[in-house]
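Subject: Structure handover

Hi,

Here is the structure for you to look over. My notes on what turned up follow below it.

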Amino acid sequence: MQITHFVSDLILVLVSIYVFFKYLIKLELGETILWEAFVLSVGAAAFFGCIHYMGYEFGNMMSMFFQDIASITGAFCLMFVAIAKVENYRIPPIVSYIILTIGFLLFAMFDIFRIQIVAQIIPQIALIMVLVMAIVAFFKGKIKLGTWLVLGVLFLFAATMKAKLFPPNADYVIDLFH
């Protein structure tokens with residue numbers, strides 16, 4: 001078992017659960033759905049990462065599956081929830097379901113039909129849009145929201161570009177990344 005990787009993934013799982021019960025469950029349903037598309041997929045990826053690092057190989061495949069969902073469906077949903085949050089738009093549940101469905105269709109294009117460009121373009125568009133909304137939030141005097149969105153962009157950027165930011169096959173990269 002790779003104990004440091006297991007511990008860092010376990011911490012990510014616990015943080016995901018904490019964020020859900022402390023913050024996200026209190027939001028309106030429409031907003032919660034979009035946030036959870038990202039948070040739950042990241043938490044699931046980390047959970048299966050724990051299983052992988054305990055020595056069960058199938059955990060790696062499942063972890064990669066949920067990482068792809070987070071970077072496509074989750075990023076797509078984050079883009080819309082960021083816009084809604086900055087613009088004080090209440091997201092009706094039906095709109096959230098439509099956005100989530102489109103996000104899963106984008107994921108299906110990547111996973112089933114092997115359209116690789118989807119996995120490259122969606123996170124990049126989401127990064128740009130969330131950063132733009134952070135800037136808008138700052139101009140509207142929503143400093144706390146803008147700061148959280150900028151931090152989110154930094155983490156999403158690190159997740160999307162980790163292969164270019166960190167040296168390949170370095171054992172500490174997974175722990176540092178988490």
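N88 is exposed, because its relative accessibility is 64% and the cut-off for exposed is over 50%. Bear in mind that this is a predicted model. N88 sits in the loop between helix 3 and helix 4. Its phi is positive, about 55°, although N88 is not a glycine. For background, most residues other than glycine have a negative phi.

R90 lies in that loop too, the one between helix 3 and helix 4. R90 forms a salt bridge with E28, with 2.6 Å between the closest N and O atoms. The pair links distant parts of the chain: E28 is in the loop between helix 1 (3-22) and helix 2 (29-53), and the two residues are 62 apart. E28 counts as partly exposed, at 43% relative accessibility.

**Overall picture**

The chain has eight helices and zero strands. From the N terminus on, the order reads α-α-α-α-α-α-α-α. The chain has 178 residues, and 38% of them are buried. Take the contacts with a separation of 6 or more: 67% of them join residues 24 or more positions apart. The accessible surface is about 10,300 Å². Carbon and sulfur atoms account for 75% of that surface.

**Helix 3 against helix 4**

Helix 3 covers residues 58-86 and helix 4 covers residues 93-111. Their axes come within 9 Å and cross at roughly 145°. The crossing is right-handed. On the helix 3 side, the contact residues are F65, D68, I69, I72, T73, F76, C77 and F80. They meet I99, L100, I102, G103, F104, L106, F107, F110 and D111 in helix 4. By class, this contact has 13 nonpolar, two polar and two charged residues.

**Salt bridges and their surroundings**

The structure holds four salt bridges. Side chains of opposite charge can pair when their charged atoms come close. The R90 and E28 pair above is one of the four. Two others follow.

E31 and K85 meet through their side chains in a salt bridge, at 3.0 Å from N to O. This pair also links distant parts of the chain: E31 is in helix 2, K85 is in helix 3, and they are 54 residues apart. K85 is partly exposed, at 32% relative accessibility.

R114 forms a salt bridge with D111, and their closest N and O atoms are 3.9 Å apart. D111 is partly exposed, with a relative accessible area of 25%. R114 is exposed, at 53%.

**Two more residues to check**

R114 is found in the loop between helix 4 and helix 5 (117-139).

T32 is in helix 2. It is buried, at 11% relative accessibility. Leaving out residues up to four places away in sequence, T32 touches L24 and L27.

Best regards

Key. Residues are numbered from 1 along each chain as its sequence is written. This is a predicted model: local features need pLDDT of at least 70, side-chain atom pairs count only at pLDDT 80 or more; totals for chains, interfaces and linings use all residues. Side-chain values use heavy atoms; hydrogens and water are left out. Axes are lines fitted to C-alpha atoms, for helices over the stretch in contact, and angles run from 0 to 180 degrees between N-to-C directions. Helices (H or I, at least four residues) and strands (E, at least two) are DSSP runs, numbered from the N terminus. A crossing is left-handed if the near helix is turned anticlockwise from the far one by less than a right angle, and right-handed if clockwise. Contact means heavy atoms within 4.5 Å. Ala, Val, Leu, Ile, Met, Phe, Trp, Tyr, Cys and Pro count as nonpolar, Asp, Glu, Lys and Arg as charged, and the others, Gly among them, as polar. Buried means under 20% relative accessible area, exposed over 50%, partly exposed in between (1.4 Å probe, protein chains only). Accessible areas come from the Shrake-Rupley method with a 1.4 Å probe; for residues, only the protein chains shown count as cover.
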